[in-house]
Amino acid sequence: LFIMSSNKTSLQDRCKALSQSILKESTVFESSDSPSEDENAPSHAEDIRAQIQSAAGVVEHESTKIGLLFAKNEPIADDVSNSALDAFHVSLIAFTAYINAALRANRSEGECYKKQVKSIGDSVLKASASLIDSVGMKKDNVRSLTASVWEQCKTAEKMPKDGKDAVGKALMAHCRLIKDAKREIEEMLEEGDDDGEQRKDGEIVQDDFGEEIIREEIKDVDRERLRKAKATIECTFTFLKALVVPLISKRSNSNNKSRIDRATALNEIEKKCKEIRRAVDEIICEAMPPSDAVLLATEAKKLKDAAENMMKRVEEVMTDNDAPNDGQTDMNLIEPAKKALEYVQSACAEM
């Protein structure tokens, strides 16, 4: 009994130290912003992406061994358990090294790329540390935590190919939120009807949380502003969606810009996208009765300016003066977005 207790303590200590070591690996990501030796050197995002995906597959494989070995909480020889833990740790070290290499080598891909790559690395390391903690404490959730490691390793398959792809994925997320915002406006416009009959002003109704509120009838002027807000948001959604295609296209994205210029342009695209999102949120708030025409116009102008600046930055990233044929093809991809921008400009002017 004393020997078994000693082995348990030994495993606990080993797993505790290993878990702490795994979590410390993520701090390496924070030191990946040192200047590149040559700011004009080509990006290697695609090559490193394949290496990260391969390394994640090894982590997934080694975590499976951990799950099979420790899930039943049966006595295991020290050399067997140590070998499995060592192999798992080595796989994580290699995975971390590739994540760090991607962050160092691809500074020209912008902050959005960096955040998405870091997120993949952090999620795998945190899931792995949780699994090792469970093994050390001999908990009964080793199987489920092993599955969690698998799930996080699978996220490497969605790793952005480059900065353009990362921004494109971010735009898709913003599009989903803006689509939800459009639905809010539609519900507000439909709220006046109840089985085909108009609700009366001052009527007591229940809100979404079951609380009683006094219903105020939407005035014609407010309803008109809601319609304009809906049109503006619809145009914005179409504009952002049109930009996703050229940004995530598989065409060559090398251009004659320096790495720093390219990173700046990509960062600005994401920044302007966030500004558009904030403007949309404000337009929804200000369009809610009683609406404020002056504030709506102000937010509409912010949205228009952000969309115009965003379009300029996308054109900078897509243009390749060193490869006129490919560059022209890429520019053709953004023609729908340029047309959609005209509708955004028109809708904002109507606000």
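User: Happy to start with a lysine: which helix does K312 lie in?

Analyst: This is a predicted model, where local features need pLDDT of at least 70, side-chain atom pairs count only at pLDDT 80 or more, and totals for chains, interfaces and linings use all residues. Residues are numbered from 1 along each chain as its sequence is written, and side-chain values use heavy atoms, leaving out hydrogens and water. Helices here are DSSP runs of H or I with at least four residues, while strands are runs of E with at least two, numbered from the N terminus. The run covering residues 293–318 holds K312, and that is helix α9.

User: Is K312 buried or exposed?

Analyst: Buried means under 20% relative accessible area, exposed over 50%, and partly exposed in between, using a 1.4 Å probe and protein chains only. K312 has 52% relative accessibility, so K312 counts as exposed.

User: Where is E109 found, and is E109 buried or exposed?

Analyst: E109 is found in the loop between α3 (78–105) and α4 (110–136). Its relative accessible area is 2%, so E109 is buried.

User: Which residue's backbone nitrogen lies 2.6 Å from a polar atom of the E109 side chain?

Analyst: A polar contact is a pair of N or O atoms within 3.5 Å; within protein, one must be able to donate a hydrogen and the other to accept it, and residues adjacent in sequence count only if both atoms are side-chain atoms. For the side chain of E109, the backbone nitrogen at 2.6 Å belongs to G163.

User: Helix α6 covers residues 163–190; which residue caps its N-terminal end?

Analyst: Helix α6 has 28 residues and reaches 41 Å from first to last C-alpha, close to the 40 Å expected at 1.5 Å a residue. That expected span is 1.5 Å times one less than the number of residues. At the N-terminal end, a side-chain oxygen lies 3.1 Å from the backbone nitrogen of K164, and the capping residue is D162.

User: Which residues does Q53 touch, not counting residues up to four places away in sequence?

Analyst: Q53 lies in helix α2 (residues 45–70), and at 26% relative accessibility it counts as partly exposed. Contact means heavy atoms within 4.5 Å. With residues up to four places away in sequence set aside, Q53 touches A156 and E157.

User: Why do the buried residues of α11 line one face of the helix?

Analyst: The buried residues of α11 (335–350) are A337, A340, L341, V344, A347 and C348. The arc is that of the directions from the helix axis to the C-beta atoms. Seen down the axis of α11, the buried residues line one face because they fall within an arc of 125°.

User: Which helices do those buried residues of α11 pack against?

Analyst: The face turned away from the buried side of α11 carries the exposed residues A349 and E350. The buried residues of α11 pack against α7 (220–248) and α9.

User: Which residues of the largest nonpolar core touch the most other members?

Analyst: A nonpolar core is a set of buried Ala, Val, Leu, Ile, Met, Phe, Trp, Tyr and Cys residues joined through side-chain atoms within 4.5 Å. L240 touches L171, C175, I178, C273, I276 and M310, not counting residues up to four places away in sequence. Of the 87 residues in the largest core, those touching the most other members are F95, L171, F239, L240, L243, I276 and M310.

User: How many helices and strands does the protein have?

Analyst: Buried residues make up 43% of the 351 residues in the protein. Its secondary structure consists of 11 helices and four strands.
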